[in-house]
Amino acid sequence: MAGHQIDDPKIAFAYLRPSCVLLTKEPILCNIQALSGHLRAVSDGALQLLQDYALFPLRFVLKTPGPKREALVQAAMEAMTYVLENTCIHSWESLRDLFSELCLCLCSPTDPGKPAPASEELKLAVLRCLDALLHSAYGDVFFKLYEPTMLPGLGAAVSMFLALAEQEKAREVQTEALKCLLSLFIQCDCSRTHLEPEKEERRMLGSALATFLPGITRALSQVIGGDVRQGHAVTVKAMRVWYTTVGLVMEDDQLQNASKDNIDTSELGRVGELVVKRTPSWSKATSKRLTLALQKVISCTSAHQHWRVRLELVNLSDYLLTRCSRSLAECTGPLLEALVGAVNDEEPRVKERCSEVLEEVARRNQVNGGQALKDVLSENLHGLASSLPRLMRTTDDKCKLFVLNVFLGYLKILGPQIDLVLTSAAHLQRISKALMQVLELDVSDVRIVEERTFAPLVDLGLETHEAQFQRKYFLYFTDDKIFSALKQICRMLGHYGNLYLLVDHFLDLYKESLAYHKQAALVLNEIITGAAGIGIDMEPSRTDNFRINHSKTNHEDLKSAVMSIVEEYISLNNWHLPTVMEHADIEQQEKLQSPISAIMRGHEGNSLHLVPASNIGHRSPTLHQLNSNIWQICIQLEGIGAFALALGTDFCLLLMTSLYPVLEKAGDESLLVSQSALGAMHNLCVACNYSSPKDLVISNADYLLNDVSLNLGRPSVHPHAPRVLAVMFAHSDATLLPLVVDVVQDLLTMLDLSYDQRSLQFSTALHSLMKAMVRWFPSSAKDHIKPPRVPPSQNPKPLDLRQFLLDYKKQKELAEGIGANEEDPSDAEMPPVAPGCEDHSGLEEGPDVKPELPMHVSVAKDVMERCVHLLSHPSIGTRLKVLGIVELCVNVLSETENELLPMVHRCWPALLQRLTNDDPLVIPQAFRVRAVQCVYLFLSKTVLLM
């Protein structure tokens with residue numbers, strides 16, 4: 001019989017009878033297993049006729065008094081599940097009795113209102129048997145479960161399922177209990193065949209479930225908002241039970257015909273007290289309570305980490321807006337907010353489903369002649385704007401992200417309609433204050449001010465350098481998704497809003513308080529970016545029938561707004577902010593140690609001094625202020641780069657005012673500021689069609705050098721002009737040298753005039769110049785080192801080391817004044833020149849004219865002459881910088897020995913002091929300079945001898 005199933009009922013009865021009788025006599029596990037095996041040998045048709053007979057011994061096992069082993073009950077449940085899955089229940093009595101008996105198996109013997117303390121396997125077996133029972137019942141039999149007389153039993157079953165879903169720790173048990181609820185409410189979504197209730201049957205079902213609605217919504221809200229470790233499947237099932245139950249009870253069609261629900265409760269006794277009459281007053285009160293429960297459900301699921309939960313929230317909104325739009329009118333706002341928040345979901349399936357639902361809602365509202373969806377959304381946006389500051393201040397990151405996604409969804413859907421909100425001064429003020437609050441930066445990290453620009457500036461092409469935007473850390477959130485949402489919101493405001501209104505408002509906030517500088521600049525940068533249509537997430541949506549995707553800003557308005565913002569950014573008060581502490585300390589130290597300062601202090605009582613206004617009441621900035629200044633400058637530099645990309649080639653007109661400040665910050669000592677400035681230079685190159693920063697600098701060198709020359713004469717107002725020169729030298733080539741010669745002379749003049757105050761700044765610029773010249777003219781540093789090539793046909797004469805040492809000794813004695821008056825024996829040996837044989841070539845050519853030096857050699861000579869006296873400067877930083885300049889000058893002058901030797905001789909006394917009597921930090925650098933000098937002197941002498 002194992003190869004085929006028994007189709008004949010008589011044979012099947014004879015086959016099953018011994019197992020059934022034996023199990024009735026001896027209810028033990030092996031007999032249940034034997035019957036279960038025999039049941040599988042009977043066909044479904046024969047088993048349907050023998051259903052009651054096959055179930056009787058299994059039900060008898062459950063009814064046997066006394067404690068029973070869990071394995072025995074579990075085996076009986078599995079056998080009953082097989083019978084119920086393959087047969088149908090035709091009898092109401094069978095359904096009622098089986099339903100009661102199975103529910104009792106889940107109840108505690110001592111406290112029937114609580115689940116029994118059984119194993120997870122047994123609970124799963126009972127729940128699966130109940131689910132099979134509910135699926136196997138015929139329609140006319142099944143709906144008798146919802147008659148008023150069955151309310152107590154039905155309530156007990158619902159309470160048991162809810163308790164298991166809420167209290168059980170095992171996911172499978174929770175999921176199976178929620179599945180039983182769906183089957184009980186005829187809302188199951190499994191693959192098996194289900195009943196399709198008619199209109200009257202739905203009314204009966206809704207009327208019965210109205211009795212249990214408060215308990216169902218409360219318990220399921222707890223499950224939905226429970227521990228995330230329960231898994232997304234439990235949450236999804238609980239949400240489905242929640243909204244299908246609410247939809248059944250609060251369905252608009254049912255509540256319109258609530259009079260048909262009138263049930264005569266006089267004959268029901270106390271059971272009649274359980275019947276709920278869905279009157280208009282009951283519906284209104286229930287709607288208010290459901291609004292609170294719905295808000296809790298939305299808050300728990302809108303930002304859930306699993307996309308299936310967020311997708312189920314979209315389905316929840318669709319279900320309730322479709323079936324209960326009138327009875328749950330107060331819930332329309334939260335439901336639309338949930339949909340709008342899902343417009344920006346990162347999961348494409350959620351986003352697509354949300355677009356479908358919004359399109360259907362818009363179409364349905366138009367057909368029904370109700371309020372247009374955009375009007376409802378505008379009202380919701382007004383309300384959200386009013387509460388935005390409070391929500392940004394009091395909620396956690398998850399809630400912040402949901403609120404911002406909702407706000408962004410409104411902006412995307414409404415498009416140009418957002419002007420209705422922005423033109424309200426109160427709402428614009430609330431939106432801006434919320435942005436100012438949430439965008440406050442965390443400036444407490446000491447590493448911000450500690451990171452310095454030690455790496456040398458080198459020119460980089462566009463293919464090797466991308467704009468670097470530093471990661472920002474905010475005070476009130478840590479999730480990067482929140483910052484991305486905030487940027488998208490600002491871009492949408494700029495894309496659809498009134499640009500002049502927004503720019504004026506946020507510029508006023510920028511000027512209003514130092515506390516708002518960084519936040520307002522961030523917002524302005526993104527507004528301009530959005531107004532230019534850059535970085536806008538404009539994915540095609542099915543809601544395009546009520547949204548217009550175009551920006552209201554023309555190019556001239558954009559250019560005017562950019563000019564006003566850039567002008568404010570680069571103003572003295574907002575641009576020249578201290579980013580390091582050392583400047584003030586070094587200058588103060590130089591003033592205290594400088595002999596000129598000592599002389600000035602000696603005449604303090606008899607003279608008046610002009611002190612720059614910036615130094616009056618000067619206090620050393622705190623770490624917090626320095627960090628804040630660094631971030632403000634970085635944000636403003638990012639803004640200039642973003643504005644350039646927004647305007648494209650039209651930004652060329654602003655280069656004359658913006659390029660100089662950007663170069664000034666590219667040479668800043670702060671690493672973050674320098675990197676941001678280099679990123680801005682990269683964007684300027686892209687926008688204005690320059691191939692590289694070198695091309696950008698050289699093409700605009702004329703007016704840059706003009707500004708540098710003017711600002712060198714006003715060091716108290718523009719103290720960073722040497723820094724601009726340093727950056728220009730780093731990002732240029734030898735073609736810049738003819739243009740910069742006059743500026744270098746101005747720089748040397750200012751170095752003489754500001755010996756005791758700004759020598760380090762000017763020395764830094766000169767050091768950059770000499771580094772650039774070594775890079776521009778590599779032959780001047782290398783060609784002289786290489787010995788002359790000897791033709792292959794000639795044999796090179798070997799070096800006479802003895803003669804070289806003798807010559808070296810003689811030159812040293814001459815340098816020290818020894819033997820200067822002695823006659824050179826070699827000169828005495830020279831024969832006299834015969835009369836008439838004199839060389840008259842010199843007379844014919846005229847006087848001996850010294851050849852003109854190359855420009856780079858002349859500049860290096862001037863720099864070295866003016867820097868030698870700074871080797872004894874009281875500031876260690878200045879002495880180190882000057883030693884570096886001298887070393888580079890020697891490299892450049894190495895090709896002209898006639899210029900190199902006098903300069904080496906001139907700087908030797910000061911260099912000797914650095915070698916013998918100076919700080920341990922200076923001595924190694926001085927030794928390096930002397931070593932370089934000796935190398936060139938030795939090689940030049942060696943080449944001469946060769």
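**Entry 1, the model.** I am working from a predicted model.

I searched the whole structure for disulfides and found zero. I then looked at C103, which is in no disulfide: the nearest cysteine sulfur belongs to C107 and is 6.8 Å away. A disulfide needs the two sulfur atoms within 2.5 Å. C103 counts as buried, at 13% relative accessibility. For C331 I found the closest cysteine sulfur in C324, at 8.8 Å, which is too far for a bond. C331 also counts as buried, with a relative accessibility of 1%.

How many salt bridges does a search of the whole structure find? I noted 25. One of them joins R59 and E101, whose closest N and O atoms are 3.0 Å apart. R59 sits in helix α4 (residues 51-63) and E101 in helix α6 (residues 92-106), so this pair ties together parts 42 residues apart in sequence. I checked the cover on both: R59 is buried at 16% relative accessibility, and E101 is buried at 14%.

I next looked up D227, which forms a salt bridge with R229 at 2.6 Å between the closest N and O atoms. Here D227 is partly exposed, with a relative accessible area of 38%, while R229 counts as exposed at 64%.

A further salt bridge joins the side chains of D345 and R310, at 2.5 Å from N to O. D345 lies in the loop between α16 (332-342) and α17 (348-367), and R310 lies in helix α15 (residues 307-323), so the pair links parts that are 35 residues apart in sequence. D345 is buried, with a relative accessible area of 9%, and R310 is buried at 9% relative accessibility. I also noted that salt bridges with shared partners join R59, K63 and E101 into one network.

Which residues gather in a patch of negative charge on the surface? I listed E70, E120, E121 and E172. Of these I followed E121, which lies in helix α7 (residues 120-136) and is partly exposed, with a relative accessible area of 47%.

I found a nonpolar surface patch made of I534, L645 and V686, with about 220 Å² of accessible area together. V686 belongs to helix α32 (residues 671-687) and counts as partly exposed at 41% relative accessibility.

Last, I checked helix α35 (residues 721-730), where ten of the ten residues are buried. Among them are P722, R723, M728 and F729.

Technical notes
Residues are numbered from 1 along each chain as its sequence is written. This is a predicted model: local features need pLDDT of at least 70, side-chain atom pairs count only at pLDDT 80 or more; totals for chains, interfaces and linings use all residues. Side-chain values use heavy atoms; hydrogens and water are left out. Buried means under 20% relative accessible area, exposed over 50%, partly exposed in between (1.4 Å probe, protein chains only). Patches are made of residues with over 30% relative accessible area and no salt bridge: like charges are joined within 9 Å, nonpolar side chains (Val, Leu, Ile, Met, Phe, Trp, Tyr) within 5 Å. Accessible areas come from the Shrake-Rupley method with a 1.4 Å probe; for residues, only the protein chains shown count as cover. A salt bridge is a side-chain nitrogen of Lys or Arg within 4 Å of a carboxyl oxygen of Asp or Glu. Lys and Arg count as positive and Asp and Glu as negative; His and the chain ends are not counted. The place of a charge is taken as NZ of Lys, CZ of Arg, CG of Asp or CD of Glu. Helices (H or I, at least four residues) and strands (E, at least two) are DSSP runs, numbered from the N terminus.
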